[in-house]
Amino acid sequence: SAVGTEVAVRNLQAEAINKSFGQIAREASAKWEKELSVIDVQGTEDHKTMLYTSLYHTMINPSVYMDVDGKYRGIDHNIHQAKGFTNYTVFSVWDTYRALHPLFNVINRERSKDIVNSMLAHYSQSVHKALPVWSHMGNENWCMIGYHSVSVLADAIDKGLDIDKAKALEAIVNSSNVDYYDGTAEYKKLGYVPFDRSGSGSSITLEYAYDDWTIYHTALKLGDNKIAEAYKKRAMNYQNVFDPQLQFVRAKMSDGSWKTPFDLLDTHGQGFIEGNSWNYSFYVPHDVKGLIHQMGGDKQFTERLDSIFTMHLPDEFFEHTEDVTREGIMGNYVHGNEPSHHIPYLYAWTSQPWKTQYWVREIMNRMYLNSIDGLCGNDDCGQMSAWYIFSSMGFYPVCPGSNQYILGAPYFPYMKVNVGDDKYLTIKAAKVSDKNRYVKSVKLNGKLYTKAYITYDDIKDGAELEFEMTSKPYKQRVFGEDEKPYSLSDK
């Protein structure tokens with residue numbers, strides 16, 4: 001109990017009285033069997049073990065945080081009563097907004113609704129009037145960067161969850177305007193967080209810009225055009241840290257000058273948290289067309305994507321950086337840490353989309369193994385595992401808050417996913433293998449599907465996705481401008 005010892009005794013009496021250890025163990029086993037049965041899959045034993053281990057990991061945190069009577073200790077350390085929702089804690093949001101919370105919106109919307117209501121309760125109790133940054137057990141530890149709970153709320157609203165939308169809009173706007181939080185005042189004034197204000201300033205700027213896009217998109221959806229217009233401008237702030245000469249993101253000083261010296265590979269003291277410019281420069285999930293323009297066009301952008309997977313990153317550039325280790329690195333691409341997780345899917349915006357299919361399977365084969373050291377980095381409360389589950393299904397939420405999932409290729413020949421109310425998303429890829437990793441065609445509910453993405457509306461009530469696989473890149477399957485995924489700008 002987070003409330004007191006007497007309540008802990010009542011919890012014990014309510015949940016375990018007159019039950020043997022064996023009975024409790026059987027009940028726990030039955031509960032896990034029910035939760036893990038949300039996905040049915042065909043494949044090798046190793047691959048199935050990895051899939052269900054990943055699914056298990058996604059269900060450890062966030063975790064329920066209240067007594068049997070619904071009371072819990074809030075962020076203000078007072079005792080609160082959860083009314084109409086189950087209160088959750090352990091919000092490692094810098095990690096989990098990327099894929100874990102979007103996964104809940106596919107396979108467990110009730111849990112997602114409870115989590116959002118728990119975040120709104122946190123907001124109401126916060127003296128800062130801010131949503132969680134990294135909160136656990138009635139405490140906020142302010143770990144990592146960004147105000148990414150706004151993404152979680154935005155994605156829930158986009159997916160039609162029944163939450164207090166007016167309060168959610170108030171909460172996401174207030175959370176983005178706590179001027180004393182992590183360079184926010186400078187960000188609003190200058191359009192970026194300067195390096196002399198924060199050693200992570202450029203990565204903060206990129207993540208704030210994405211968060212601001214989710215506020216823009218939510219305000220637009222809810223009909224508040226004034227807020228939408230203000231945050232549309234803020235969402236373009238990522239441009240302010242792109243060095244036009246390097247065409248990479250760079251650390252920038254308060255006076256507008258670029259930090260010198262500067263190293264694109266180094267993860268130490270270059271303006272980024274737990275990453276380098278090579279990885280962070282690809283982090284503009286809401287405006288990939290604009291990003292391609294910043295990097296010099298389709299040809300150079302694609303070549304840089306190719307290079308990040310194949311170039312060598314010497315140990316000296318990351319050996320003192322927490323959570324960046326050799327086990328999670330492929331070339332210069334860091335899968336063992338979260339900021340790069342969307343990068344393999346960026347080929348969908350280019351003239352060579354089949355390369356997503358190649359690299360995603362490479363990552364799954366190398367970075368997720370059925371062994372004691374089989375996970376390539378810190379699972380970070382389920383994010384690493386949620387990436388695996390989405391990628392197994394053949395799509396990924398590059399930009400949470402939008403309704404689009406970028407298509408890759410399935411990992412298994414057959415998956416059946418319960419999307420709620422006894423409705424199922426069935427994914428078929430009969431000939432898929434390490435050799436047959438390329439997509440020749442896609443059918444949605446029996447009809448040929450030619451876009452680079454599917455939408456939430458396509459799958460929320462159940463659907464059938466069928467992939468025709470082949471052993472060589474099917475270079476005729478490219479996407480026109482009207483078939484490519486969303487971008488904020490028209491470039």
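Predicted model: local features only at pLDDT ≥ 70, side-chain atom pairs only at ≥ 80, totals over all residues.
Local features need pLDDT of at least 70 and side-chain atom pairs count only at pLDDT 80 or more, while totals for chains, interfaces and linings use all residues. Residues are numbered from 1 along each chain as its sequence is written, and side-chain values use heavy atoms, with hydrogens and water left out.

View 1. Leu153 lies in helix α7, residues 149-158 (helices are DSSP runs of H or I, at least four residues; strands are runs of E, at least two; both are numbered from the N terminus). Leu153 counts as buried because its relative accessibility is 1% (buried means under 20% relative accessible area with a 1.4 Å probe, protein chains only). Leaving aside residues up to four places away in sequence, Leu153 touches Val116, Met119, Leu120, Leu131, Ala168 and Ile172 (contact means heavy atoms within 4.5 Å).

**View 2. The open sheet β6-β7-β8.** Three strands form this open sheet with antiparallel pairing (two strands pair if DSSP finds at least two bridges between them). Its edge strands, β6 (91-92) and β8 (139-140), each pair on one side only. Strand β7 (residues 134-136) is joined to β8 by two bridges, and Ser135 stands opposite Glu140 in β8.

**View 3. Packing of helices α14 and α15.** Helix α14 (residues 298-310) packs against helix α15 (residues 354-367) at an angle of about 15°, with axes 12 Å apart. The contact involves Thr302, Asp306, Phe309 and Thr310 of α14 and Lys355, Trp359 and Ile363 of α15.

Terms used:
Buried < 20%, exposed > 50% of the residue type's maximum accessible area, 1.4 Å probe, protein only. Axes fitted to C-alpha atoms, helices over the stretch in contact; angles between N-to-C directions.
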